[in-house]
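Here is a guided walk through a protein structure, taken one region at a time. Keep the 3D view open and look for each residue as its name comes up.

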Number of protein chains: 2
Amino acid sequence: MAASTMVSLTLKISPFSQTQKTQLTSHHPLQFSTIKTRQTIRDKTLISAALIAPDGGKLSDLIVPDPQKPFKNEQALNFPKIKLSKIDLEWVHVLSEGWASPLNGFMRESEFLQTLHFNSLRLNDGDVVNMSVPIVLAIDDEQKERIGQSGSVALVDGHHHIIAILKDIEIYKHNKEERIARTWGTTALGLPYVEEAIRSSGNWLIGGDLEVLETIKYHDGLDQYRLSPAQLREEFARRNADAVFAFQLRNPVHNGHALLMTDTRRRLLEMGYKNPVLLLHPLGGFTKADDVPLNWRMKQHEKVLEDGVLDPETTVVSIFPSPMLYAGPTEVQWHAKARINAGANFYIVGRDPAGMSHPTEKRDLYDADHGKKVLSMAPGLERLNILPFKVAAYDKTQNKMAFFDPSRPQDFIFISGTKMRTLAKNKESPPDGFMCPGGWEVLVEYYDSLVPADNGRSPKLSLLES
Amino acid sequence: MAASTMVSLTLKISPFSQTQKTQLTSHHPLQFSTIKTRQTIRDKTLISAALIAPDGGKLSDLIVPDPQKPFKNEQALNFPKIKLSKIDLEWVHVLSEGWASPLNGFMRESEFLQTLHFNSLRLNDGDVVNMSVPIVLAIDDEQKERIGQSGSVALVDGHHHIIAILKDIEIYKHNKEERIARTWGTTALGLPYVEEAIRSSGNWLIGGDLEVLETIKYHDGLDQYRLSPAQLREEFARRNADAVFAFQLRNPVHNGHALLMTDTRRRLLEMGYKNPVLLLHPLGGFTKADDVPLNWRMKQHEKVLEDGVLDPETTVVSIFPSPMLYAGPTEVQWHAKARINAGANFYIVGRDPAGMSHPTEKRDLYDADHGKKVLSMAPGLERLNILPFKVAAYDKTQNKMAFFDPSRPQDFIFISGTKMRTLAKNKESPPDGFMCPGGWEVLVEYYDSLVPADNGRSPKLSLLES
């Protein structure tokens, strides 16, 4: 183990895993021909003793080992079938790789109730792990009827391929109003995840143990970025990381983010860590319609790394497969907890994490400070070091992004996500030093792809607005 | 201490505390001239080593000691004044006596957020205590303005009497929608506590440490039943209780309840306890309009004890000063936690505790089983033994209340609270053995007091409905 870690350091260090790097092909900068198989991972002892232990002590790995697959597939053919939605499939992905360890499948009622009421689960040994968002599978009356007395069901994708078996099932009532109220702190119409995945879903939830027959792939040219927690741990060990700090994002990276990440590394070095590694971890599942799509964000992130804004030697870029709930202080706990399972022991939290505007009122849905406060008090996250985000803004005196200095507010411009999107849509440039030019071009290209003609431009916004 | 406990056993045992008993006057069975003062309690070491420790190790006692009162009163005159509602005053009462130990005042934001998200508080020593309902004080913009930079405020009652000082205050936003959604699991209009205390309250919450200048009294002839946690602990020690089992109620006691309570005692004796004592603990604060008022319930409970349905030797009747939230699984944790502070180590939980009908939909607001499930998993309540309610019903073959036997359902009649109220309103009798005749007469008398003439009768309901 130690030897393998040492050897890896003699190789050229890259923000992408060594596996990805060596398999890089030229036709598309993000396209790789194959990726390291799960079996390769499983055959090694990968988790460095230096990395934080996963919740429950062991990563859940719910993929059926190859030799058992034919038998399990045969079995599954005889079970009642439940068709998974796109979001259901993302949760199967999340569960299968152990992001939600120690969960071993969709929640049964006891786990669902603990999540809703306590944002945490008490394990048999008395230990408490954080679990703030319900990971549940809804079925309707007709499906429940069809399942009857069967103890297992087969989960199939949109093409009727069998993806997984859910066994030792428990079916219980899906009180959608209560689930929504306790998870989002509102029942207002227009919450993206709620409208997409809950409002019209069935009146029952089905929990059980998952046996996943096919590793979840999306065939979108990005699968090689979807490193499992075990693969990430391997990569951190290979790089000999003695601290891993995670940065969750669902937006393009600008130089304010970059400043924050490089500053975090500086602080960790000051604290005595020798090799802190950044996990730059864009969310890859469901997002709302006006967020920048994953493939464009990945292109943008790549440019940012190419332009040297972040140091490839100490950065790992990977995709977090979870859907986005926009559930603010409740969801930020999930974002943090999942990164513990991937080996991160430091978590950067910004203003209003996983927040959005209230869908029906003229205000933000959550208090911008509640996310970091709730995170710092959350049961089961005591082991994680929470690093609150410093506010970065554009410093006109330096022509670059800098930490806001409250003694000279007149020197700073705040550039919101909305403002950034409006500029890119209008093919205007942001101030020099806001984002690397390559990254900005990707954004302009994306918005250009949405607007075929010259019409549909967004109104110009002054950058001097705060 | 041990000596005092021994001595007390030589006195005649009563369901009411010794203090109440000796002060009983004849003009009203529930009226006593004076009660033992708090100072008397404070001067003794009252808490038996055998009783369960209060949350946080020590009962909060927020009443200012007599010698300091003049000075504190003088101070308070100079502070900005906040007028308390009836429910606010009930919470001051609750806090002042330590029912919510280790809380020392209205919640600051950190406690409020932990309550909303985790139903529990992490103490400085790392210990976790349960705290599921927000105990907060709302103020409006004008009051906030008036407080300005003051570090303390004076809390006054409806007659402008100063009740308490709130010091080291923290003012933070009152997001009512989020508070309601996370506490009740719904934001539907018509939740009794919400409409009474939240919907039209101010947009700010004010937390701080309470210094209570006047013991809260209601002058309703029932104050002597309002034993503090310290007084209850004294009473349990005096009776040499080695187990205390609490029964929370807000309804008249029928023989099904009585069966349950006597059966619980039998089970505790079988478990090896020598002297299990019942805390029959009706809720005394705010209740919804169609609940039977406290004074009538207390009369009814007294008749039940007089009629020997419950054993006065092993029963303590006292009033729990909390308002009722009707917040189901969230509130039942509060009901249980407060009783730990009063010395109870066993808690009886029934179907749908603290539940009610959904205010706008034709269904119960909560799943009837969630209360006991959530209670059994709640953080901070691990020390409490949860005793789930067995279902009692009227057994026609025995003409009495008995535990329901699923092998012969045809022999049982379920008499709901609604049915009971309808019978009493119509001056009809329930089946023999449902409730002791004296208790039933009180109910008939209560409903009679509401309906001066013969009109306004409720429709007859068949007792054979299930």
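Please keep in mind that this is a predicted model.

**Where the two chains meet**

Let's start with a single pair that spans both chains. Glu382(A) forms a salt bridge with Arg122(B), and their closest N and O atoms are 3.1 Å apart. In total, eight salt bridges are counted between chain A and chain B. There are also 24 residue pairs in polar contact between these chains, counting pairs with both residues at pLDDT 80 or more.

Which parts of chain A take part? The elements giving two or more residues to the side that touches chain B are α6 (109-118), α8 (176-184), α13 (328-341) and α14 (370-377) of chain A. Sorted by class, that side of chain A has twelve nonpolar, 14 polar and eleven charged residues.

The contact draws 37 residues from chain A and 37 residues from chain B. The size of an interface is often given as the accessible area lost when the parts come together. Here, chain A and chain B bury about 3,000 Å² between them, with 46% of it on carbon and sulfur atoms. On the chain A side, Phe118(A), Arg182(A) and Met377(A) lose the most area to chain B, together 22% of what that side buries.

**A helix in chain A**

Next, find helix α11 of chain A, residues 255-270. This helix has 16 residues and reaches 22 Å from its first C-alpha to its last, close to the 22 Å expected at 1.5 Å a residue. Its buried residues include Asn255(A), His257(A), Leu260(A), Met261(A) and Leu268(A). What covers the buried residues of α11(A)? The cover includes the strands β8 (243-249), β9 (276-282) and β11 (346-349) of chain A, among others. After α11(A) comes Gly272(A), which has a positive phi, near 110 degrees.

**A buried alanine in chain B**

Now switch to chain B, where Ala164(B) is found in strand β6 (residues 162-173). Is Ala164(B) buried or exposed? Its relative accessible area is 0%, so Ala164(B) counts as buried. Leaving aside neighbours within four places in sequence, the residues in contact with Ala164(B) include Val153(B), Leu155(B), Leu210(B) and Leu213(B). Ala164(B) and Leu213(B) are 49 residues apart in sequence, yet their C-alpha atoms are 5.1 Å apart in space.

**Charged pairs within a chain**

Side chains of opposite charge can pair when their charged atoms come close. The structure holds 60 salt bridges over all chains.

| Pair | Closest N to O distance |
|---|---|
| Glu235(A) and Arg238(A) | 2.9 Å |

Glu235(A) and Arg238(A) both lie in helix α10 (residues 229-238) of chain A, three residues apart, about one turn of the helix. An α-helix has 3.6 residues a turn, so residues three or four places apart point the same way. Glu235(A) is buried at 2% relative accessible area, and Arg238(A) also counts as buried, at 15%. Both belong to a network of salt bridges that links Glu234(A), Glu235(A), Arg238(A) and Arg239(A).

In chain B, Glu234(B) and Arg238(B) both lie in helix α10 (residues 229-238), four residues apart. Glu234(B) is buried at 9% relative accessibility, and Arg238(B) is buried at 16%.

Lys427(A) counts as partly exposed at 45% relative accessibility, and Asp448(A) is partly exposed at 36%. Lys427(A) sits in the loop between α15 (417-425) and α16 (437-450) of chain A, while Asp448(A) is in helix α16, so this pair ties together parts that are 21 residues apart in sequence.

Note on methods
Residues numbered from 1 in each chain as written. Chains lettered and ligands numbered in written order. Predicted model: local features only at pLDDT ≥ 70, side-chain atom pairs only at ≥ 80, totals over all residues. Heavy atoms only, no water. Contact = heavy atoms within 4.5 Å. Buried area = accessible area lost by both parts, 1.4 Å probe. Salt bridge = Lys/Arg side-chain N within 4 Å of Asp/Glu carboxyl O. Polar contact = N/O pair within 3.5 Å; in protein donor to acceptor, adjacent residues only side chain to side chain. Nonpolar A, V, L, I, M, F, W, Y, C, P; charged D, E, K, R; others polar. Expected span 1.5 Å × (residues − 1). Buried < 20%, exposed > 50% of the residue type's maximum accessible area, 1.4 Å probe, protein only.
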